[in-house]
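User: I would like to learn how to read a model like this one. Please take me through it feature by feature.

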Amino acid sequence: MRFKDKVSARIRDMLTNDKLGLSDGFMTAFQADVTHLVKDYFDVSGQIDVKIFENEDGKYGIKISALADKINTFETTFKKKF
Amino acid sequence: MRKIVITSGKGGVGKTTITANLGRKLSADGYKVVLVDGDVGLNNLDVAMGIENRVVYDISDVLAGRCRPFQALALDVETSARILPSSANSADISAQAFRGVVDSLAETFDFVLIDCPAGIEHGFHRAVSSADEAIVVTTPSASAIRDADKVLRLLSTYPLKDVALVVNRTRADLIARGEMLSAKETANILHATLIGIIPDDDYITVFQQLGKTADFAPSKRAFATLSRNVAENTRDVEVPRRRWWRR
Ligand SMILES: Nc1ncnc2c1ncn2[C@@H]1O[C@H](COP(=O)(O)OP(=O)(O)O)[C@@H](O)[C@H]1O
Ligand SMILES: [Mg+2]
């Protein structure tokens, strides 16, 4: 990565954090809720990564990445018979 | 007619310099221009314009009825632009009163340029709420961009007709080496409309000490482009080239 691309990425992250107040409250709460939700559906192995970034056109990208050993099946995820 | 505030959030990024140079260029091009010092606490527009010894009245005298608005205007040393100075006495002027003065000047002048203080407190509100348009100044540095972003968000809560961006102190050599963000990249990050790119130019600081603008300064062309964009509502920015020689 070129030096100025690193700078640009850093500034973009900074501005996104400023807007969402991500520094403390927001990110911790969001991460906890997402972890909770994903663990209902998957047998997650390891950490769930949550990242929010701003792209060129001013929209927010939300990336959730995790690895799972198994998909949990429970009542509501069964296919409905019509 | 047009009331434009020059603001930035962060101090020292070039608001006063850009107000002074833009004002002089618009005036040299034949427009009737008045520059209002809205940076009441740290007023230095008078110094940038070389008129600090000519100031008789300031905006607080106008509001106290000690003189009429036009009597308080000082004449620029280089062009026919006028300056309405401020002083420490102007600190508690209300936004309403400030706006009244700006409006009365706007009846006679083509451009009222308001030099805004740093920060986002009362002085900021006073300057911004008296304008119809805003020019946000930033440098390509992380901290200036961060403050510009805050100011842009804040400005979106005011009923302004137009908000545009000027990137100041760009260095073609650093940009070419990928060590500084270009003005366009800076504007992209801020999702702002770029109307001027002013190169870092030692002559600005050197001549500012005399309240003057160097005729041969490398930034001269950049101010001409900015001035044209402001006057004609265009957005044709020109990337300053590295100069290999000096006259
Ligand atoms: N493009 C530039 N190149 C070199 N020096 C500059 C440039 N713009 C501003 N400066 C210098 O930076 C300092 C701060 O500028 P100023 O206009 O007073 O900032 P502000 O009004 O935003 O606080 C001044 O000494 C000025 O001469
Ligand atoms: Mg200033």
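Analyst: Start with burial in chain A. Buried residues make up 22% of its 82 residues. Buried means under 20% relative accessible area, exposed means over 50%, and partly exposed lies in between (1.4 Å probe, protein chains only). This is a predicted model, in which local features need pLDDT of at least 70, side-chain atom pairs count only at pLDDT 80 or more, and totals for chains, interfaces and linings use all residues. Residues are numbered from 1 along each chain as its sequence is written, chains are lettered from A and ligands numbered from 1 in the order in which they are written, and side-chain values use heavy atoms, with hydrogens and water left out.

User: What is the mean pLDDT of chain B?

Analyst: First the idea. pLDDT is the predictor's confidence in each residue, from 0 to 100. Where pLDDT is low, the predicted coordinates should not be read in detail. Chain B has a mean of 92, and 98% of its residues reach 70 or more. The model scores ipTM 0.75 and pTM 0.85.

User: Which elements does chain A have, and in what order do they run?

Analyst: Helices (H or I, at least four residues) and strands (E, at least two) are DSSP runs, numbered from the N terminus. Chain A has two helices and two strands. From the N terminus, the order is α-α-β-β.

User: How much of the contact in chain A is between residues 24 or more positions apart?

Analyst: Contact means heavy atoms within 4.5 Å. Take the contacts in chain A with a separation of 6 or more: residues 24 or more positions apart account for 49% of them.

User: Now a single residue. Is A:Val34 buried or exposed?

Analyst: A:Val34 sits in helix α2 of chain A, residues 22-41. It counts as buried because its relative accessibility is 7%. Beyond its neighbours within four places in sequence, A:Val34 contacts A:Ile48, A:Val50 and A:Ile64. For a distance in space, take A:Leu67: it is 33 residues from A:Val34 in sequence, and their C-alpha atoms are 14 Å apart.

User: Where is B:Val47 found, and what does it touch?

Analyst: B:Val47 is in helix α2 of chain B, residues 45-48. Its relative accessible area is 39%, so it is partly exposed. Not counting residues up to four places away in sequence, B:Val47 touches B:Glu52, B:Gln208 and B:Gly211.

User: Why is B:Thr16 called buried?

Analyst: B:Thr16 is called buried because its relative accessible area is 14%. The residue belongs to helix α1 of chain B, residues 15-28. Setting aside neighbours within four places in sequence, B:Thr16 contacts B:Asn44, B:Leu45, B:Ala48 and B:Asp115.

User: How do I read two helices that pack together?

Analyst: Two packed helices are described by the angle between their axes and the distance between the axes. Axes are lines fitted to C-alpha atoms, for helices over the stretch in contact, and angles run from 0 to 180 degrees between N-to-C directions. In chain B, the axes of helix α6 (residues 142-155) and helix α8 (residues 183-190) come within 10 Å and cross at roughly 45 degrees. That makes α6(B) oblique to α8(B). Angles under 35 degrees count as roughly parallel, over 145 as roughly antiparallel, 65 to 115 as roughly perpendicular, and the rest as oblique.

User: Which residues of α6(B) and α8(B) meet?

Analyst: From α6(B) come B:Ile145, B:Ala148, B:Asp149 and B:Leu152; from α8(B) come B:Thr186, B:Ile189 and B:Leu190. By class, this contact has five nonpolar residues, one polar and one charged. Ala, Val, Leu, Ile, Met, Phe, Trp, Tyr, Cys and Pro count as nonpolar, Asp, Glu, Lys and Arg as charged, and the others, Gly among them, as polar.

User: How do α1(A) and α6(B) cross?

Analyst: The axes of helix α1 of chain A (residues 3-20) and α6(B) come within 10 Å and cross at roughly 35 degrees. Residues that meet include A:Met14 and A:Asp18 in α1(A), and B:Arg146 and B:Lys150 in α6(B). The contact has five nonpolar, no polar and seven charged residues.

User: Which phi value does B:Arg169 have?

Analyst: B:Arg169 has a positive phi of about 65 degrees, although it is not a glycine. It lies in strand β7 of chain B, residues 162-170.
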